[in-house]
Amino acid sequence: DHYTTYKRLEKQIRVDFSRRLFPNTYLGVTGLFRHVNGKDFKDLGFLDGEKANIATQGFGLFLTYDSRDFLPNPYRGTYARIDQLFFPDFWGNKFKRTEVFFRQYNKLWKGAILASDLQGTFNYGNTPWSMVALLGGSYQMRGYYEGQYRDNDLIQTQVELRQHIYNRHGIALWQEMCFRNSSTSNGRKRCLLTASATGGNSRNG
C-alpha cells in the first residue's frame, strides 16, 4: 500500500437513459467519461508506473427500483440500483465494474425516521488508479475525507436515526461501517473501518 498527498483534478460526465418495466422498476443504459489529472505527488510510487493523467470511457446497463415517497427528503420507501459497467480495451481501458446501491427509509414514531444505506463497488481487471473505489466524503463514511482510503472493492453501509425537534430543526445519530478488499503481492488484503457521530440540522426555505 502507498500513502501520499497529491492534487486531484477531475472531470466526469455520466448519462443515463431508462425505461419503466413495471411500477417503480426501470431498466436503462448508462455511459461514463472520467478524466483525472493528478499533480504534486509526494510519493510517485503511488502511481505504480501508471500515468498521472488518465481518461476513462465506459458503458453499461442498470436496473433500478424506487418507491420513495419524496425524493429530496424521503420519509418511507426503498431505492435499489445495480449497474454493470464495461471499459473495453479499444477505448484504452480493460476492466469491468459492478456498482450496487440500496437505501431504505422507515417512519418509527412521530418525527423519527430510520434511514439505512448500503453501497458496493467491485472492480475486475486492470483498474487504473483513477477508477478504484474511494472511501469517505459528505454522504458515506463521513468520519473520513473522500479518498482517505481506496481499494479495488469497497462496501460501505450506514444506519441513521433522524429526529425532528421543532420547526425546521432536528438531530441525527448515525453509525457507519466499511469493508475494503484489495489484491496485493502477498494475496488478498481485507480491512474493516467504522465511524459514528451525532449531528444537528436546520433547513431553510
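## Model and confidence

pLDDT is the predictor's confidence in each residue, on a scale from 0 to 100. Strands (E, at least two residues) and helices (H or I, at least four) are DSSP runs numbered from the N terminus. In the protein, mean confidence is highest in strand β4 (residues 77-87), at 96, and lowest in strand β11 (residues 187-202), at 59. The average pLDDT of the protein is 85, and 83% of the residues score at least 70. Where pLDDT is low, the predicted coordinates should not be read in detail.

This is a predicted model, in which local features need pLDDT of at least 70 and side-chain atom pairs count only at pLDDT 80 or more, while totals for chains, interfaces and linings use all residues. Residues are numbered from 1 along each chain as its sequence is written, and side-chain values use heavy atoms, with hydrogens and water left out.

## Overall composition

The protein has zero helices and 11 strands. From the N terminus on, the order of elements is β-β-β-β-β-β-β-β-β-β-β. A contact is defined by heavy atoms within 4.5 Å. Among contacts between residues at least 6 apart in sequence, 55% join residues at least 24 apart.

Accessible areas come from the Shrake-Rupley method with a 1.4 Å probe, and for residues only the protein chains shown count as cover. The protein exposes about 12,700 Å², of which carbon and sulfur atoms supply 55%. Residues are classed by relative accessible area (buried under 20%, exposed over 50%, partly exposed in between; 1.4 Å probe, protein chains only). Of the 205 residues, 37% count as buried.

## Nonpolar core and surface patch

A nonpolar core is a set of buried Ala, Val, Leu, Ile, Met, Phe, Trp, Tyr and Cys residues joined through side-chain atoms within 4.5 Å. The largest one here has six residues: Val 36, Phe 41, Phe 46, Leu 47, Ile 54 and Trp 129. Leaving aside residues up to four places away in sequence, Val 36 touches Arg 8, Leu 9, Glu 10, Ala 52, Asn 53, Ile 54, Trp 129 and Ser 130. In soluble globular proteins, nonpolar side chains tend to be buried together.

A nonpolar patch also occurs on the surface, formed by Ile 13, Val 15, Phe 17, Val 29, Phe 33 and Leu 61, with about 560 Å² of accessible area together. Patches are made of residues with over 30% relative accessible area and no salt bridge; nonpolar side chains (Val, Leu, Ile, Met, Phe, Trp, Tyr) are joined within 5 Å, like charges within 9 Å. Strands β1 (7-22) and β2 (25-39) each supply at least two residues of the nonpolar patch, and the largest share, three residues, comes from β1. Leu 61 is in strand β3 (residues 53-66).

## Salt bridges

The structure holds 11 salt bridges, each a side-chain nitrogen of Lys or Arg within 4 Å of a carboxyl oxygen of Asp or Glu. One of them joins the side chains of Lys 7 and Asp 40 at 3.4 Å, N to O. Lys 7 lies in strand β1 and Asp 40 in the loop between β2 and β3, so the pair ties together parts 33 residues apart in sequence. Both Lys 7 and Asp 40 are exposed.

Arg 103 and Asp 117 form another salt bridge, with the closest N and O atoms 2.9 Å apart. This pair links distant parts of the chain, Arg 103 being in strand β5 and Asp 117 in strand β6 (residues 112-125), 14 residues apart. Arg 103 is partly exposed at 24% relative accessible area, whereas Asp 117 counts as buried at 11%. The side chains of Glu 160 and Arg 162 also meet in a salt bridge, at 2.6 Å, N to O. Salt bridges that share partners join Arg 14, Asp 16, Arg 81, Asp 83, Arg 97 and Glu 99 into one network.

Asn 106 lies in strand β5 (residues 95-107) and is partly exposed, with a relative accessible area of 35%. Not counting residues up to four places away in sequence, Asn 106 touches Tyr 75, Ala 112, Ile 113 and Leu 114. Asn 106 and Pro 74 are 32 residues apart in sequence and 8.9 Å apart in space, C-alpha to C-alpha.

Glu 160 belongs to strand β9 (residues 153-166) and is buried, at 10% relative accessible area. Its salt-bridge partner Arg 162 counts as partly exposed, at 26%.
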